[in-house]
Amino acid sequence: MIDAAPVDALVLTLPPTNAKFDYQLGGPYPPPSGVKVISRDRNAGRVDGLYNICYVNGFQIQPDEEDWWLLNHPDLILKDANGTIVRDTQWNEMLLDIRLAEKRTAIASIIGRWIKECATLSFQAVEIDNLDSYTRSQGLLLEHMAIQTMAQMAEHAHAVGRPIAQKNSSDLAAKKAELGTDFAIAEECNRYNECDMYTAAYGDNVIVIEYRTADFTAGCTAFPNLSIVLRDTNLVTPSSTEYVYDGC
């Protein structure tokens with residue numbers, strides 16, 4: 001169990017609803033005018049005067065962190081029966097091994113330290129990515145393992161007074177209480193007709209990222225109380241010709 005936090009640390013401040021949002025995982029840059037909420041990688045730094053969400057890859061390993069995991073925690077990397085590391089092929093990311101309770105606890109402890117660092121850097125909330133990695137695990141990981149791991153990460157976040165987001169996995173929104181999550185960040189929920197699954201669980205505490213103009217436009221009409229943003233798929237910075245940004 002995680003040490004109990006002081007009572008005042010458990011007062012959670014959620015992101016403001018229906019606030020202009022920017023999703024900057026491809027690199028930090030000065031946010032567009034009017035932006036009030038921003039999500040950035042945990043190593044990218046926060047923006048003064050905004051509500052800052054700290055992005056943490058909690059179920060997979062980003063390529064630039066592979067060496068650290070291989071050196072320090074090779075036993076926590078998911079491998080198949082032949083000993084081959086299992087990867088998310090779309091993003092070329094190793095999956096973490098959450099099959100056993102002791103491994104779930106160990107991984108959540110590591111992520112918990114990063115969450116604490118986010119809080120120390122004055123990020124106001126945490127976004128844990130790849131909750132759905134079990135769907136890309138060649139059948140080695142199961143839904144309940146992901147839920148139990150996320151619940152432990154939520155405990156770590158709440159222990160330092162930070163709300164934590166459910167990222168994607170619309171089918172798990174109904175299990176919000178088991179996850180321990182406080183709000184949702186959903187990619188392309190308008191495209192796949194999933195936004196109402198998030199709002200049923202989180203009300204207006206849902207942030208939406210769309211990558212197609214038609215889906216963005218439809219979302220702004222259908223869900224006027226949500227924070228919805230249009231971004232380019234690779235979330236590049238404005239210095240790139242591929243950069244796209246719009247907000248409802």
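**Disulfides and their surroundings**

Reply: C118 counts as buried, because its relative accessibility is 2% and buried means under 20% relative accessible area, exposed over 50%, and partly exposed in between (1.4 Å probe, protein chains only). This is a predicted model, in which local features need pLDDT of at least 70 and side-chain atom pairs count only at pLDDT 80 or more, while totals for chains, interfaces and linings use all residues. Residues are numbered from 1 along each chain as its sequence is written, and side-chain values use heavy atoms, with hydrogens and water left out.

Me: What makes C54 and C118 a disulfide?

Reply: Their S to S distance is 2.0 Å, and a disulfide is a pair of cysteine sulfur atoms within 2.5 Å, so the pair qualifies. The link joins distant parts of the chain, with C54 in strand 3 (residues 51-57) and C118 in helix 2 (residues 101-120), 64 residues apart; helices (H or I, at least four residues) and strands (E, at least two) are DSSP runs, numbered from the N terminus.

Me: Why is the disulfide of C54 and C118 called left-handed?

Reply: The torsion about its S-S bond is about -50°, so the disulfide is left-handed. For C189 and C195 the torsion is about 85°, so that disulfide is right-handed.

Me: Why is C220 described as partly exposed?

Reply: C220 has a relative accessible area of 21%, so it falls in the partly exposed class. C220 is joined to C248 by a disulfide, with an S to S distance of 1.7 Å.
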